[in-house]
Every structure is written in C-alpha cells, then in structure tokens.
Amino acid sequence: MLSELIAKEQGAFANWLPVFIGTGIGLYFSLPFEPSLLLSLIIFLILLSAIAALFYIFPTPDRNNGKGATYLLTRYILIAASLVSLGGVAATYRTDRIAAPIVERQFGPSYFEGRVVQIEPSSPGQRYLLDNLSGKAFKWLSTPHTIRLKSNLLQEDIHIGMRVRVLAVIQPPARPSIPGGFNYARHAYYQQIGAVGYILGKAEILEERSVKESPHLLEYLSMMIAETRNSIVRDVGKYIEGDQRDLVVTFLTGQKGGLSKETKEEIRNAGLAHLLAISGLHMGLMAGIVFFVIRFVLALFPSLALNYPIKKIAAVAAIVFCFFYLLLINHPLSAQRAFIMIAVSLGAVVFDRKALSIRTVSVAALFLLLIYPEVLISASFQMSFSAVLALVAFFEWYSYKNVEQHFVGKMLNGIKLTCYCSLVASIATAPFVLYHFHSLPLYGILANLVAVPFTAFILMPLVLICYVSFPFGFEGWAIQLLGHAFEFLLWISRAISQIPYGEWRLSAFPVLALVIVTLGGIWLCLFKTRLRWFGIIPVVFFVIFINMFSSDPDILVDPKGQFIGIAINDTLYLNNTRRSRFVARIWKQDLALKSVKSWEELPRTYLKCDEEACRIRLKGVKISFVKNGTAFLEECNQGQLLVVPGLKIPRWCRENGADHSSLSLDKWGLRKGGVHSISIMQGTPKIQTVNGFTGDRPWSRRE
C-alpha cells in the first residue's frame, strides 16, 4: 500500500516544497527568542549530509518490496526535514540582514530633517517616508533607517527626493494591542521603519533636490517610480474628488490610504475588499487585456501573422507590461505572487507548455518565501495563495467534467463558473479573514457576481486607457469616466452591506487553529488520490473549535493602566472613552464586539466604584481595580484578582493574599508584560500578556 501510494503521489511531491519551507519559517516566527543563524545553518547542513549519504552510500532497493517503500519514505522524510530547516535559515538570515535601529521611546515635539522617499495619500492628508535623517533628538535616541510620519495637511508642492524639515512627535512602532494580535512593530521591522509619528503644522522644504541626483541606479529608479506614482495621484485630484478619486488612485497606484473608514467598511462588509488589494484579479486582467489586444492588432497584418509567432510576441509584451505595472503599484505581496504566476504561465505559452497548474502556484510561493520569508505571516500572502491554490485545484478537477457546447449552455456554464469561483475563493480565504479581521461577509458571492465581471470588462480596460493617456496629456476624460464607473461599484457595496445579518463576527482565536485548518486545506488541494479527503478532518476540527472551545478575553488592561476594558454581552465597557478612540476601535475589532460604552453605563450589579477602588463581579470572580494606596488594607483580603494600574503592590499585601499572588497586577507588572488580557474560565482567571506572545525578538527589543 505504501509503495502504491508513493508511486501515485511522488509526481506531486515538488508541490509540497513551499509547504515544508513555510513550516520552517512559521516555526521561526513562533519562537520566543531569536535563534542563532550559525546553529540553524549547521542543522541544515547535517540534514543535507544525511540525504547525500542515503542517495550515494546506500543502494536503492526494489520499490515493489517493503524495503523499497521504507527507503523512499525515509528519503522523503529527510528531504522534508531539510526543507523545514532551510525555511528557518532563510528567515533567520533575512532578519539579521535587514536589521536597523529602532527608537527606544517616544520623543517630541522636536524638529527632524530627512529626505522624502515615499508619499502616500491618507485620510485626511498624507503620509511621508523619510530617510537620511538628522535632528537633535538623535543625540539621545538611535537614528532609524527610515521613519513614517502622518500629516493632516495636503502639500502638493512636496515631491520625492526633496529634503524637508518637520516638527513632529515620534515613537517606536506599536506592539500588539491585544495578546496574539497584529504586530505592527514586526511589520515595520521588515520595512526598516524605526519610528512612526505625526507632524505638527506644515513640512518645510529645505532642498529641492531632483530624483535624478540620486547617486545609485537602483535608488534612482525606485525614487523615479515613486515620483511617477505621486504625480498620478496629483493628476487624478485635478479631475475628480471624494471616494471616486480615492478608488481611482487605488487602482492606478495601489495606494488605498486615502479611502475613508466608512467607505472601506462598506466595501469590506459587501465582500469586495479583495478589489482594493491589487492582486491576481487585477494583474491577470491586465495581462489578459494586453495579451489579446496586442495579438489582435498583430493579426490585422497578414505578413506579421503568417511569418512571426504573434502569440508568443503578445505573451512577452504582456509580461513586460505587467512588470512595469507591478513597479508602479509599489509591488504589494499579492501582486508579486500574481506577477510570478503570470510570468510562468505566459512563459509556458512562449515555450509551448501547459500554462496554469498547481506547479505554477508552488513556484510563486517558493520564490517569495525564500526571498521574503516574513510574507508567510502576512494576511495578503495567506489569503492570496489560499484563494488561488483552491481555484487551481478546483479547475483541475472541474476540467474533467462535461461542458455544454451550445450557446445557451455556455452562458449558463459561465454564470455557474462565476458562482463556483466566488464560493471556492470565499471558503478558502474564510479562516484567514476571520483570524485577521474577525468579520466575515456572508453575502459576498452576491456582490462578486456583479462586481467581478464589471471589474473585468469595464474598470480594468479603463485603467489601461488611463495609463496610455498619461504620456499624451489627455487623461482627464478617462479619469472622469473611471470615476463614474466607481460610483456604480460603491452603489453595489452600499446595497449589499445594508442587507441584515450580512456579517459573521468572531473574536481572536489561537494561531494553532489557523495552522491546522491551513494544513487541512493544503492536503485537500495537493493530494491526487483518495488520500486527499483526509484533509477534511482538520477543517471540521477548526469549525468545531472556533464555535465551541475558543475563549474570549473578559478584561483588557493597557500597559500604563490608562484604559481598562470589560467585555459583556457584545459590548466593550471602557473606563475612559474620551481618550481611547484608537484603543477602543482595535479592542472592539479583536473581540468582535458591536459597541463601545463607558463604565458609567454598566449595571450596578456588575460594577461598584468609590474614591479608593472599583469592584466588579464577573462570572463568579471578584476583581478589584485599586485607585490609591488607602484601598490596599481592604482589597488585599477580598479580591480574587487585584489590578493596580498606577501603584506597586506592597509586600505585606502579597503575603496576606499569597493564595492569589500570581493574579495580582501592579504598575511594574503591567509595563513589563504589555497589554494584559484576562479570561475567566470555570471561575478561574487566566492572564495572558502581549510580551508573552512576542518574546525577546529583534522587533520587540528596546535598547
């Protein structure tokens, strides 16, 4: 049985290469400490040596007997282990290679000078990325490689390459706002952003340096493309305004920061958020349009069509155009994946090979994981590859089905395929949407039935026309027409998002559950024999787990003790609602709650406060939030959990409450652990901290 299984499945073993490498990368990011690059490399070399010994020292037995099957299985296990080790080496090397200083603490307002290397629209105003930094602050702080600053003002006179002076407040990139939440500090680390902040007033131009003055070729090309992107944003703003302008900018440059929160929310609730992320859909449509247009034009000339391979010429032209499109939209991860797949697929057309297969997906994943290992833990990579892998696997299965040949049958089959595509992609990405965004649109298939064909036949051709029009200076009509087209897309989003019960909310769940369902989905897609159906087991386990066994935090406390949130019946009650808009939004989203209210609105059966402390009884547990030291005498002996945000708990208090000393949180404990979450299960509080999840890693250190 083992020999037969290996014989049938070994042809697809290459498709598992990125899975094993990704496993090693995932193990690297799950570690609470930074592993040694030398040790990782030694382990990898030892495994390679074992594989070489197996191949060249021991003879290969006959596959049809038990020894042959065992030999092959051993060989595959060693190869898989070496690939896992290679993933760890790649991630460790990447982290070490791009290491850059991070500021140790908040500083400012103070004056900073730097060169503008990137400008992004933001609602409202703009965001600037500065390098070549200087300022008095860096006498006391480490000088970052780059900093990202937000300005509420729109200054169109600032261009890429200029040196500016700003009055700003900077701070280290934010750590997660909840244990296990999105780690922006890690995201910024891999972009070499050592500080973030905001600008007070206008940015002052010091030097109007041209992009052409950049000394290095790659730096010059990068800044020239960034300036081209910035000029497109300015040109679009001349002709249209509001949401239409922001959507046009998103499709032309890939910058979606200008979209208002309300518009993003409507598009997300309608299940059309994938349209805002320039990915496989947009890149594939762009390649298809360019390919067929060039091939059609060349076919109009018989001398060219009969003497030259116009199909291959069109394929090469589409690859080149998509490469420049990728650069113009600032090469997001999903677009990089799409470009690699398009390059491989159209390259297959040039060399007369099969254009699309799971092997193409594997090549794209392998390339990205080895060059940029950190992409594995990004929502963009996970959702992009899960959708395309599921779609390719589905179409490989569906291609064996009989398809109607008459006209009406083809039309109905096209509609049916559109529904299937939307359904397959939605199911494949659902676990990742729930994990990262905690909200799943339920009517997305309805919106996509209209929005995807509309994007394919109207929006993307207009985007291509806009690109062609820019060099000739008559882009105005194309931009205005594209803006009107987006009005229809916004109307669809609003109509679908207003349908009742159109959203499934789910609070944060452990990453282990996501790993299990991911392996189940990969198992279903990559195996060819009946063995593939065992992949349903992890998927079923995931569905049962998130509905029955996941535990939501009941209380959240920030490191400084300024904000304390209590989650009761789909509502987050905060002790300070005036100064906590950002914290409230993040906590509300991560806990999948519907509203945010003040502690004053809590029923008195839950919360009682006086000048010394606030006391709450939640799920049978008594919790005390101490305001000043006079409350210790009473609270130390009564509360099962003692939270003291601004004070240190006295030693005598800990000794008197020795039974619950591990469940006492004071000023220093909160700051050391970061945001604390408290979950009450079966009458026992369970405490988790942000630092307990992040560990001692380069992006979490403050030197």
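Student: What makes strand β1 (residues 107–121) mostly covered?

Tutor: Of the 15 residues in β1, 11 are buried. Buried means under 20% relative accessible area, exposed means over 50%, and partly exposed lies in between, with a 1.4 Å probe and protein chains only. A strand is a DSSP run of E with at least two residues, numbered from the N terminus. The model is predicted, and local features need pLDDT of at least 70, side-chain atom pairs count only at pLDDT 80 or more, and totals for chains, interfaces and linings use all residues. Residues are numbered from 1 along each chain as its sequence is written, and side-chain values use heavy atoms, without hydrogens and water.

Student: How many bridges join β1 to strand β2 (residues 126–134)?

Tutor: Seven bridges join β1 to β2, and these strands run antiparallel. V116 has L130 in β2 as its bridge partner. The two strands form a hairpin with four residues between them, and G125 in the turn has a positive phi of about 85°.

Student: Why is the pair of Y189 and Y190 called edge-to-face?

Tutor: Rings of Phe, Tyr and Trp (its six-membered ring) pair if their centres lie within 6.5 Å; planes under 30 degrees apart count as stacked, over 60 as edge-to-face and the rest as tilted. The structure holds 26 aromatic pairs. In the pair of Y189 and Y190, the centres are 5.3 Å apart and the planes make 80°; the pair is therefore edge-to-face. Ring pairs also link Y189 and Y190 with Y28, F29 and W699 into a cluster.

Student: Why is the pair of W599 and F625 called tilted?

Tutor: The centres of W599 and F625 are 5.5 Å apart, with 50° between the planes, so the pair falls in the remaining class, tilted. The pair links distant parts of the chain, 26 residues apart: W599 lies in the loop between β12 (595–598) and β13 (607–609), and F625 in strand β15 (residues 621–626).

Student: How do you know whether W599 is buried or exposed?

Tutor: W599 has a relative accessible area of 10% and is therefore buried. F625 has 4%, so F625 is buried as well.

How values were computed: Pairing = 2+ DSSP bridges.
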